[in-house]
Amino acid sequence: MKKILASITLLGSLVSSYAIEVSDIQTRAGLAIQSVSSYDKGYALILNGAVPMPELYDNFSVEGEFGYSMIDPNIDYSFGETSLSILSLSGFGVYTHNINSNIALRARAGLSFQSITAESKVDTTFFGGGTTSSSDTEFELVFGVGGSYKIDGDKTLLIDYTRMNSNFSHLSAMVEFKL
């Protein structure tokens, strides 16, 4: 818990040290395909907010992102299945390289708090049946690449591939809109 509070405080102090107008905040929502080693794909809701930081460097921004499994990645066995429920809270530094007025490439790196709950269901008479679950929380260094395409003046489509840890990544598509 202390690590979470320290991370939020650090990110908050960085962002609050600059004058931020509400109109500067870029809000995004979308879906991600969650890919976990040996598991079938899952799908997550992604909510993202970004604040441009031209005072630090042109084309640099800070992003906060929330991800939550809506359809859990799972793996089936002959005697049951295991599914993973994944929650992530991430902060990123993002550099954007504009190709033209509508297309840009993005690179991002940051820190993510991840809570992963595994639930295993056994459904055979040989094993007796039943459900067990276990949870793990961790902080991970995360990085990703992607791009954006401006649909019109107020909407932008973003696609990002993000490596969340050594066994877990997601490919997300988000729409950015102005508040």
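Guide: Helices here are DSSP runs of H or I with at least four residues, and strands are E runs of at least two. By that rule, the protein has one helix and nine strands. Keep in mind that this is a predicted model.

Visitor: What pattern does the protein follow along the sequence?

Guide: The order is α-β-β-β-β-β-β-β-β-β.

Visitor: Why is Thr96 called buried?

Guide: Buried means under 20% relative accessible area. Thr96 has 17%, so Thr96 counts as buried. Thr96 belongs to strand β5, residues 80-98. Leaving aside residues up to four places away in sequence, Thr96 touches Asn59, Ala104, Leu105 and Arg106.

Visitor: How much of the protein is buried?

Guide: Buried residues are 34% of the 179 residues.

Visitor: How many aromatic pairs are there?

Guide: Ring centres must lie within 6.5 Å for a pair. The count by this rule is two aromatic pairs.

Visitor: Why is the pair of Tyr57 and Tyr95 called tilted?

Guide: Planes under 30 degrees apart are stacked, and those over 60 are edge-to-face. The planes of Tyr57 and Tyr95 stand at 50°, so the pair is tilted. Their ring centres are 6.1 Å apart.

Visitor: What makes this a link between distant parts of the chain?

Guide: Tyr57 sits in the loop between β2 (42-52) and β3 (60-71), while Tyr95 is in strand β5. The two are 38 residues apart.

Visitor: What is the volume of the largest pocket?

Guide: About 500 Å³. Of the 26 residues that line this pocket, the closest to its centre are Gln26, Thr96, Asn98, Ser148 and Glu176.

Visitor: Which strands supply at least two residues each to that lining?

Guide: Among them are β1 (26-36), β5, β6 (103-122) and β9 (168-178).

Visitor: How do the lining residues divide?

Guide: Seven are nonpolar, eleven polar and eight charged.

How values were computed. Residues numbered from 1 in each chain as written. Predicted model: local features only at pLDDT ≥ 70, side-chain atom pairs only at ≥ 80, totals over all residues. Heavy atoms only, no water. Buried < 20%, exposed > 50% of the residue type's maximum accessible area, 1.4 Å probe, protein only. Contact = heavy atoms within 4.5 Å. Phe/Tyr/Trp six-rings, centres within 6.5 Å; stacked < 30°, edge-to-face > 60°. 1 Å grid on protein atoms, 1.4 Å probe; cavity = no way out; pocket = protein on both sides within 12 Å on 5 of 7 lines; lining within 4 Å. Points joined across faces, edges and corners; volume = space filled by probe spheres on them. Nonpolar A, V, L, I, M, F, W, Y, C, P; charged D, E, K, R; others polar.
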